[in-house]
Amino acid sequence: MQSVARDSLYLSMPVTHRQYVAERSLNSYEYKLYQHIRTLYGFDPGNHEPSLAPVFFHDEPCLLAEALYEKTQFSTKVDYLLCCYKTYQLTKKVSAPLAILKSLGLKNVQAFALHNIGVLSPLMAIEWTLATDSTALVVCLEQIYDYQESQTAGYPKADALAMFQLSSAPGPLEICGYDWTLFPGLPGEDDERQLSALTCQLIEQQLQQSRLDRKEITIIAHLHSDAFLYALQRQFPHVYVRADRYNLLTADPFYSLEEYYGQEKKDKEYILLTFADQAAGVGCILLRDCAVERRETR
Amino acid sequence: MNKINYGIEQIAVYLPEQREAGERLLRAGVLSPKEWAELQAQRITSVPIEQERSTLQIMELTLDQLFARGQLQPQKVKYMIAPYLYYSFPYSFDIFRYLRQRYELTDTTCFAVQGLLCSDFLMGLQIAWKLLRNGREADSRAIILSVERCLLDDQRYGGSAFLTGDASVACVIGQGPQHDQILACKNHIDIRTIPAEKFRKKEDSIQDYAFFINLATTLHHSLREAGVKLEDVKLFLPNNTTPSTWLGLAKLLRVPPSRFFTEGHQLIGHMNNCDLLLNYDLACQRGLLASGDVYVMLSLGNGGGVGCAVCRKG
């Protein structure tokens, strides 16, 4: 586990965009390119009936960031705008980070995207923020290009947009530690089973190093698949599962976290966000709820 | 924790042997006759292109060079960072998992950096440099691996300014003997220069007064951090966008234009995030840099992202 020194990094309460529609077409040049790439790599476009499932935003996720940001009370004094995604952002804008930076009017802020590490890029955002002792506005955004792209062996994927800040200034959730495990070896049939095994192993390591008992922690499950959820629920007594059953990739744990805090008051001091990606690996972030009286368990 | 003395230990470049002539892009309607004539007037007639190998294969051909020298221990590589502009493999294909397996990079975390377009490479360099400096193990390494691959004809379009080809480059960041020390590395983006849409047409301006101001400011800040005077810089290695940008910057800085290495633009083409290491390789082959010389890598991306790295040749 990468432990984080006490009082050195805080996570704001995330905000998310949740208005979905069942149909939305893409006509950007990047979409044309991506369709070509899918063909080159042998992804069968299939002949799926259009889904009526509401998995799309009405516009590109990066174009919805401004409206979401206006609902927040984040500090404007940030050093970095870090975009995290698994799905490429096929935007008609110059790039997703620059489009968001411009729309938010953030001056003297460096923007860039972290990706191609499955759903684990928010962990890289933490790594960067700690390395630079900075404040970052993190935007996790996912774009599902079409119905075919939504389908997975687990829960279907959907568009996503979540926003939060990482800062050394005290906030509602203190980051106590984080870690990730990348899959060893080449992709194989065993990946799905390994996914839950590696996640449970990572959680146990976090608990052990933080001297916490399973009962003392709420685990926010990444909505990957039924099998993944059952595996976590079998091993840990307090697992929070969002109701919608969509996999929101890099943004998924933050949608759950926002929802978890929207419910009745919570008494668990520690919360653990899990990240699960069948291609890349697994990760977690251990949080301490600063509203709950510290029990000096660490 | 070692805060100092990280630098570029070694580099590897892969340029395909085959070149694509601009005539074909003219016939395909990607270039207008006027644009083609203007490219020819600048002696830009073809660029290296990859027709046989996959993106993964050209990345492997690049990394093979780093590992074949026997100096790089896979278990010491903490990060592999990939700054690139053009998508050339699906996000669902975990290309790094194959690379980690092939090179036994069991403790390496791999991810891509994007968003600053042709200035992503120096953002990747800054990230590697900062993460290593903040790390606990002084002998850790990072690999920066860029691959640029055009899969559609119009990705090669640079109007009458340049043609874009295919390439892959890599470098190792570490503290090995005789490395090129990174004295400073900064990136900057000015929201005033970010366009509303992507540049796709000839008539869209790619010269903007603010670009020059931002380039000069970022350069001065970087030199100050590096403790180097402008006149002590032996060579400026810019990316291969438009030579007029760099000659304009030379004029603004009152630096002889000959100190800006702009030959790569004509010889290689604009390979997006591969330009800087390709140009560095060319400059070294020509003996333009000697041990102890200070050189500066500069990049300007579509959207106005500016990158600057001040290095001392090992």
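At what angle do helix H6 (residues 191-209) of chain A and helix H7 (residues 226-235) of chain A pack, and how far apart are their axes? In this predicted model, the angle is about 30° and the axes lie 9 Å apart. Angles under 35 degrees count as roughly parallel, so H6(A) is roughly parallel to H7(A). The crossing in which H6(A) passes H7(A) is right-handed.

| Helix | Residue range | Contact residues |
|---|---|---|
| H6(A) | residues 191-209 | Glu192(A), Leu195(A), Ser196(A), Thr199(A), Cys200(A) |
| H7(A) | residues 226-235 | Ala227(A), Phe228(A), Ala231(A), Leu232(A), Gln235(A) |

Sorted by class, the contact of H6(A) with H7(A) has six nonpolar residues, three polar residues and one charged residue. Among the residues that H6(A) contributes are Leu195(A) and Cys200(A), while those from H7(A) include Phe228(A) and Leu232(A).

The rest of this report concerns chain A as a whole. Chain A has eight helices and twelve strands. Its radius of gyration is 19 Å, close to the 19 Å that the globule rule gives for 298 residues, so chain A is as compact as a globular protein of that length. Along the principal axes, the C-alpha atoms of chain A fill a box of roughly 55 × 45 × 35 Å.

Of the 298 residues in chain A, 50% are buried. Among contacts in chain A with a separation of 6 or more, 78% are between residues 24 or more positions apart.

Note on methods:
Residues are numbered from 1 along each chain as its sequence is written. Chains are lettered from A and ligands numbered from 1 in the order in which they are written. This is a predicted model: local features need pLDDT of at least 70, side-chain atom pairs count only at pLDDT 80 or more; totals for chains, interfaces and linings use all residues. Axes are lines fitted to C-alpha atoms, for helices over the stretch in contact, and angles run from 0 to 180 degrees between N-to-C directions. Helices (H or I, at least four residues) and strands (E, at least two) are DSSP runs, numbered from the N terminus. Angles under 35 degrees count as roughly parallel, over 145 as roughly antiparallel, 65 to 115 as roughly perpendicular and the rest as oblique. A crossing is left-handed if the near helix is turned anticlockwise from the far one by less than a right angle, and right-handed if clockwise. Two residues are in contact if their C-beta atoms, placed from the backbone, lie within 7 Å. Ala, Val, Leu, Ile, Met, Phe, Trp, Tyr, Cys and Pro count as nonpolar, Asp, Glu, Lys and Arg as charged, and the others, Gly among them, as polar. The radius of gyration is taken over C-alpha atoms; the globule rule is 2.2 Å times the number of residues to the power 0.38. A residue is buried if 20 or more other C-beta atoms lie within 10 Å of its own, exposed if 12 or fewer, and partly exposed in between; C-beta atoms are placed from the backbone.
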